[in-house]
Amino acid sequence: MLPDVLILGLAVGAAATTLTQSRIFRWLQTGAQRLHPWLGDLFNCAYCMGHWLAMLAIASWYDARNAPFYEMAVLWLAVTGVAALTSGLIGKLFSKAGNGA
């Protein structure tokens, strides 16, 4: 289970950072803002996006029908934590390099 948390957390962190910080998805960020302010906030916050992507990743990775709720909740928080660390690390690397994502 720990390798899954690390793999999913790294993937979710990278995806959340890409969706919320990169110029290539600026059209999606501005479109989300036009649809609803809440969506605009979501597409400008890697941590926030990480929560939703972690739920999606866990739902597609595991058969949640056979797992207790508390197990899925702990897994969701663990993946979100690794994703937040990953997003923070990616952000620091890009800012030190002087590059925009």
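Me: Before anything else, what does buried mean here?
Reply: A residue counts as buried when its relative accessible area is under 20%, with a 1.4 Å probe and protein chains only. The model is a predicted one.

Me: OK, what share of the chain is buried, then?
Reply: Of its 101 residues, 32% count as buried.

Me: How many helices and strands?
Reply: The chain has five helices and zero strands. Read from the N terminus, the order of elements is α-α-α-α-α.

Me: And what does the C-alpha trace span?
Reply: About 40 × 35 × 15 Å along the principal axes.

Me: Contacts next. Among those between residues at least 6 apart in sequence, what share joins residues at least 24 apart?
Reply: That share is 64%.

Me: Let's do helix packing. How do α1 and α4 cross?
Reply: Helix α1 covers residues 2-21 and helix α4 residues 46-61; their axes come within 8 Å and cross at roughly 135°. That angle makes α1 oblique to α4.

Me: Left-handed or right-handed?
Reply: The crossing of α1 past α4 is right-handed.

Me: Which residues meet there?
Reply: From α1 they are D4, I7, L8, V12, A15, A16, T17, L19, T20 and Q21. On the α4 side they are A46, M49, G50, L53, A54, A57, I58 and W61. Sorted by class, this contact has 13 nonpolar, four polar and one charged residues.

Me: What about α1 with α2?
Reply: Helix α2 is residues 26-35, and its axis comes within 7 Å of the α1 axis, with a crossing of roughly 75°. Angles of 65 to 115 degrees count as roughly perpendicular, so α1 and α2 are roughly perpendicular to each other.

Me: Which residues make that one?
Reply: L19, T20 and Q21 in α1 meet R26, L28 and Q29 in α2. The contact divides into two nonpolar, three polar and one charged.

Me: Switching topic. How many aromatic pairs in the whole structure?
Reply: A search of the whole structure finds one. W38 and W52 form the pair, with 5.9 Å centre to centre and 90° between the planes, which is edge-to-face.

Me: Where do the two sit in the chain?
Reply: W38 is in helix α3, residues 37-42, and W52 is in helix α4. They are 14 residues apart, and the pair links distant parts of the chain.

Me: How accessible is W38?
Reply: W38 has a relative accessible area of 45%, so W38 is partly exposed.

Me: And W52?
Reply: W52 is also partly exposed, with a relative accessible area of 45%.

Note on methods. Residues are numbered from 1 along each chain as its sequence is written. This is a predicted model: local features need pLDDT of at least 70, side-chain atom pairs count only at pLDDT 80 or more; totals for chains, interfaces and linings use all residues. Side-chain values use heavy atoms; hydrogens and water are left out. Axes are lines fitted to C-alpha atoms, for helices over the stretch in contact, and angles run from 0 to 180 degrees between N-to-C directions. Helices (H or I, at least four residues) and strands (E, at least two) are DSSP runs, numbered from the N terminus. Angles under 35 degrees count as roughly parallel, over 145 as roughly antiparallel, 65 to 115 as roughly perpendicular and the rest as oblique. A crossing is left-handed if the near helix is turned anticlockwise from the far one by less than a right angle, and right-handed if clockwise. Contact means heavy atoms within 4.5 Å. Ala, Val, Leu, Ile, Met, Phe, Trp, Tyr, Cys and Pro count as nonpolar, Asp, Glu, Lys and Arg as charged, and the others, Gly among them, as polar. Rings of Phe, Tyr and Trp (its six-membered ring) pair if their centres lie within 6.5 Å; planes under 30 degrees apart count as stacked, over 60 as edge-to-face and the rest as tilted. Buried means under 20% relative accessible area, exposed over 50%, partly exposed in between (1.4 Å probe, protein chains only).
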